[in-house]
Amino acid sequence: MNMTTKKPWIWSSAAGLALLATLGPSTSFAATLDDVKSRGQLRCGVSDGLAGFSSPNAQGQWQGIDVDFCRAVAAAVFGDPDKVSFAALTAKERFTALQSGEVDLLSRNTTWTASRDNSMGLTFAGVTFYDGQGMMVRKDLGVSSAKELDGASVCVISGTTTELNLADYFRANDMTYNAVSFDETDQSAAGFDSGRCDVLTSDSSQLAALRLQLSDPESAVILPERISKEPLGPAVRQGDEQWMKVVRWTLYAMLNAEESGINSDNIDEMRDSPKTPDDARLLGKDGNFGEQMGLSNDWAYNIIKGVGNYGEIFERNVGMDSPLTLERGENALWNDGGLQYGMPVR
């Protein structure tokens, strides 16, 4: 698997803002699929290191649910999940990198919001992880609810929906707080660990990952409240509907495969002898659904064979088979009490 050295580009805040002003929200980047094919590699923007979502392992290989989604898109395009390079992006860098064309896809625990979808030249292609913002405190603080945090100091990443949600929550509950702001996730966790703040706030899944990085993970507890809706998903540039659909249907293929019981172990058998017409269409035995997107008709087969279905990437990266041990919850399939739902291939 290819890995891009952090960082392939450096943006100053002023330069980034000037570029965004020049590009504008209506700038069109068409034919991304053609560009990716011509280059022979997908360029994917991920976080600068978040366990379970995107982080390099001891061998320098990127791993995580966001990373696996990038690999799935590469498999759909090339039939090879390793034809992807990763750019480690901070929260401030991520949108500029996508807007400018430095990356083809942003798969970086990013919340789908109205302002981002409508005024930043971005289009979200789906939800890979339903989350909610939470609060983590040290056990010795002696609190069991976020409503007991009046006057607390809170470590938070600047320039994020997390920062806005924090202000809204404390205002709505007639409480005050002192924000201790950081630019990067690891910095905020280090600030909490060193005692610079009483509380660390972020998406609940991110808190579970950051808790593992503390000098004593058992000294901290995540409070039960979820103070926001955080639908996390991949984003592409506006103005290229074909590329958006390639990314969107990559997610739907993984969800439909899980629902049909198709996984990376049994996919060859399932392709040779589809159990249902839906399976035959998904795996390229019937119809030309891949060709309609500019892909080969075995696009979904290549995704599942090379990366796995949605349940597989969830469990190995953030689920019960991972250090984070997160339950599926809202991320279970629709027919198992969750919100995940793949549109039909027909």
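How many cavities of 30 Å³ or more does a search of the whole structure find? One. Here a cavity means a set of points, on a 1 Å grid over the protein atoms alone, where a 1.4 Å probe fits but cannot get out.

Before you click around: this is a predicted model, where local features need pLDDT of at least 70 and side-chain atom pairs count only at pLDDT 80 or more, while totals for chains, interfaces and linings use all residues. Residues are numbered from 1 along each chain as its sequence is written, and side-chain values use heavy atoms, with hydrogens and water left out.

**Stop 1: the cavity**

Select R94, N109, T160, T162 and Q206, which lie nearest the centre of the largest cavity among its 15 lining residues (lining means having an atom within 4 Å of a point). The space inside is about 160 Å³, a volume being what is filled by probe spheres set on the points, with grid points joined across faces, edges and corners.

Now colour by element: α6 (161-172) and β11 (199-203) are the ones that give two or more residues to this lining, and β11 has the largest share, with three. Those labels are DSSP runs numbered from the N terminus: helices are H or I of at least four residues, strands E of at least two.

By type, the lining has two nonpolar, nine polar and four charged residues (nonpolar: Ala, Val, Leu, Ile, Met, Phe, Trp, Tyr, Cys, Pro; charged: Asp, Glu, Lys, Arg; polar: the others, Gly among them).

Next, show domain 1 (32-128 + 234-331) and domain 2 (131-230); both give residues to the lining, so the cavity lies between them. The bounds come from an automatic or database domain assignment.

**Stop 2: ring pairs**

There are nine aromatic pairs, counted when Phe, Tyr or Trp rings (six-membered ring for Trp) have centres within 6.5 Å; planes under 30 degrees apart are stacked, over 60 edge-to-face, the rest tilted.

Pick Y169 and F170: edge-to-face, 6.1 Å centre to centre, with 80° between the planes. Y169 is buried at 12% relative accessible area, and F170 is buried at 1% (buried is under 20%, exposed over 50%, partly exposed in between, with a 1.4 Å probe and protein chains only).

Then go to W249 and Y252, with centres 4.9 Å apart and planes at 85°, so edge-to-face too. Both sit in helix α9 (residues 241-259), three residues apart, about one turn.

**Stop 3: cluster and charges**

Select F53, F129, Y310 and F314, which form one aromatic cluster. The rule is NZ of Lys or CZ of Arg within 6 Å of the ring centre and within 35 degrees of the ring normal. Finish at R271, over the face of Y301 at 3.8 Å from the ring centre.

Terms used: On a 1 Å grid over the protein atoms alone, a cavity is a set of points where a 1.4 Å probe fits but cannot get out, and a pocket is an open set with protein on both sides within 12 Å along at least five of seven lines; lining residues have an atom within 4 Å of a point.
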